[in-house]
Amino acid sequence: MSLATRDHAVLWHPYTQMQTAPLPIAITRGEQSWLIAEDGTRYLDGISSWWVNLHGHSHPHIAARVAEQLHTLEHVLFAGFTHPAAVELAEQLLEILPSNQARVFYSDNGSTAVEVALKMVLQYFHNLGQPERRTFLCFQNSYHGDTFGAMAVSSRGAFTQPFWPLLFDVEFLDVPTPGHEAQTLAQLDTLLQRPDVAGFIFEPLVLGTAGMVMYEPEILSEMLRRCHQRGVLAIADEVMTGFGRTGPLFASELLSEQPDIMCFSKGLTGGTLAMGLTTCAAPIYAAFLSQDKMRALFHGHSYTANPVACAAALASLELTRAALCTEQRQRIEAAHAAFHREIEGQPGIRAVRHRGTILAVEYDPGEGTSYFSRLRDAFYQLALDHHVVLRPLGNVVYLLPPYCTTDAELDLLYTVLRRMRELVLDFTPAPNLPEILHD
């Protein structure tokens, strides 16, 4: 039997209706920006395998550091113990993060990094004698993960509908996209009058699964300033935007007002191993210090600060901070900008959005924007037919390639986006198709 057939007999895949989904494509190797299937077919990874891969698949520098670590220490519990890689990674991250970040708490993925942040905020106010402060603010159509706390501060969409009764209430703000800033500020000012507001969690500058919706650093800085005036803590979810995706190493570098807590995963290890972490400012950490053990943060994971994952993150960070990586990101950003200018305003194109190495094209099929657009599967198959891996968000198709992607490989990605426009021009809209917001 093929690997895909064996898979279908025993596995359950994420975000997949297993009864109707085709057999998965079996990938057996990866090199640089390419994935190689069991039958030898090569696929260009245009989305960094769910935004995690920074420097290319099977990178020899990261692989060597991981192998070295495996021969030294594979794991040790992180309660009452520590190890060199965990300390070194925290030290290096705090050197390059916004200056107010003072402590690092390790977890194992983006959702758990967010869970830690939410618990930090709630217990911070509990420890300060303000337990009534437990309401979070977040953006409409935001996404922060699939664990329960992360779902609660994410959009109420189709993916979370079965769990709505179990999610704690939050207050949603409109995304302050260009031209809508005043409306969002007015909403924020109203909510900040409430005494129960504890935190504001946001994807800085780019809302990923919402369709790569983008807004400007100036308005986010002003929102954070107003939150801080009312003592509300700000959580930057940089799980996707971190490690160079938006231009600088972190999207928060573009802000004049800094977040109190930051969440990371995805590119943290260069796409090598699962890992997450949450950083916080010194006053938050101080609120947990006490002779009373009950004021400690009671949160942890079996694989907290796993030495092998830390080694991968250190190796990836070394590559990310090198001049070559900066040049690669700038080259991709310039290529995206040129394609943006080429395709914007053409028939079949509703909008083009671009920041750093992220490019999103919102096609206009003559019906509402929907995660479940009938075009999605056609777009997906068209990309595969060109040996390209993309994962359309309904009628929004985005590129988020590894930094090693060459100019010729970028041209292939842009060719696919042009062919998608041709497909849209031949598309017949469904009558009265309801609009379904992205999850």
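How are helices H12 and H13 oriented relative to each other? In this predicted model, local features require a pLDDT of at least 70 and side-chain atom pairs count only at pLDDT 80 or more, whereas totals for chains, interfaces and linings use all residues. Residues are numbered from 1 along each chain as its sequence is written, and side-chain values use heavy atoms, with hydrogens and water left out.

Helix H12 (residues 375-385) packs against H13 at an angle of about 140°, the axes being 10 Å apart. Helices (H or I, at least four residues) and strands (E, at least two) are DSSP runs numbered from the N terminus; axes are lines fitted to C-alpha atoms, for helices over the stretch in contact, and angles run from 0 to 180 degrees between N-to-C directions. H12 and H13 are therefore oblique to each other, the class left over once angles under 35 degrees are taken as roughly parallel, over 145 as roughly antiparallel and 65 to 115 as roughly perpendicular. The crossing of H12 with H13 is right-handed, that is, the near helix is turned clockwise from the far one by less than a right angle. Contact (heavy atoms within 4.5 Å) joins Leu375, Ala378, Phe379, Leu382 and Ala383 of H12 to Val416, Arg419, Met420, Leu423 and Val424 of H13. By class, this contact has nine nonpolar, no polar and one charged residues, where Ala, Val, Leu, Ile, Met, Phe, Trp, Tyr, Cys and Pro count as nonpolar, Asp, Glu, Lys and Arg as charged, and the others, Gly among them, as polar.

H13 (residues 407-425) also packs with helix H11 (residues 323-343), at an angle of about 25° and with the axes 11 Å apart. This angle makes H11 roughly parallel to H13. Their crossing is right-handed. Residues of H11 in the contact include Arg331, Ile332 and Phe339, and those of H13 include Asp407, Tyr414 and Arg421. The contact of H11 with H13 comprises seven nonpolar, one polar and five charged residues.

Lys266 is listed by UniProt, in an unreviewed entry, as "modified residue: N6-(pyridoxal phosphate)lysine"; such annotations may be inferred rather than shown by experiment. Lys266 lies in the loop between strands E11 (261-264) and E12 (276-281) and is partly exposed, with a relative accessible area of 25%. Buried denotes under 20% relative accessible area, exposed over 50%, and partly exposed in between (1.4 Å probe, protein chains only). Beyond four places in sequence, Lys266 touches Trp50, Trp51, Val52, Val239, Met240, Gly271 and Met275.

Leu54, in the loop between helices H2 (48-51) and H3 (60-70), is buried, with a relative accessible area of 0%.
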